[in-house]
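Thanks for making the time this morning.

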Amino acid sequence: MSMTSSSSSGSEAPGVNVDAPAGVGAVTVERSPAAARLLELGVRSWPKWGGPRGRYALSYDARQTCYIVRGKVTVTVEDSPESAVEFGSGDLVIFARGARCTWHIAAAVDMHYAFDPS
């Protein structure tokens, strides 16, 4: 389960899967999920990643789920550049396997993330 990244700031971000019509199925965002849902997923036990403001071109070799602790991001999906998906603090975001997108980090990000084992 690897993800490919090229970044203008030199950092690498883990892959993510986001659920939203704007992401043409490649990205899904669950706004402010309930604490019980986060506990059920085990979000706090997932690895953490943090990234500074910048632009990151990412492709996902596996489905990834992220819980955004802080920050603000707009993602554009490669096959649908006119669509932009925004997410930030408190959002649960899922990136589909095979998604190719660009992260535009407007405010530094801290997040927990997990790859789908299948």
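What you have on the screen is a predicted model, and in it the largest nonpolar core comprises 23 residues, among which Val27, Val75, Phe87, Phe95, Trp103 and Met111 have the most contacts inside the core. At least two residues of this core come from each of the strands S3 (27-30), S5 (54-60), S6 (64-77), S7 (80-88), S8 (92-95) and S9 (100-115). The largest share belongs to S9, which contributes 6 residues. As background, nonpolar side chains in soluble globular proteins tend to be buried together.

Stepping back to the chain as a whole, we have 1 helix and 9 strands, and along the sequence they follow the order β-β-β-α-β-β-β-β-β-β. Of the contacts with a separation of 6 or more, 80% are between residues 24 or more positions apart. The chain has 118 residues, of which 47% count as buried, while the exposed surface comes to about 5900 Å², with carbon and sulfur atoms supplying 50% of it.

Now, how much confidence does the predictor assign? The average pLDDT of the chain is 82, and 77% of the residues score at least 70. Over residues 1-24, however, the pLDDT is below 50, although in the model this stretch has 96 contacts beyond near neighbours in sequence. Where pLDDT is low, the predicted coordinates should not be read in detail.

Terms used
Residues are numbered from 1 along each chain as its sequence is written. Side-chain values use heavy atoms; hydrogens and water are left out. pLDDT is the predictor's confidence in each residue, from 0 to 100. Contact means heavy atoms within 4.5 Å. A nonpolar core is a set of buried Ala, Val, Leu, Ile, Met, Phe, Trp, Tyr and Cys residues joined through side-chain atoms within 4.5 Å. Buried means under 20% relative accessible area, exposed over 50%, partly exposed in between (1.4 Å probe, protein chains only). Helices (H or I, at least four residues) and strands (E, at least two) are DSSP runs, numbered from the N terminus. Accessible areas come from the Shrake-Rupley method with a 1.4 Å probe; for residues, only the protein chains shown count as cover.
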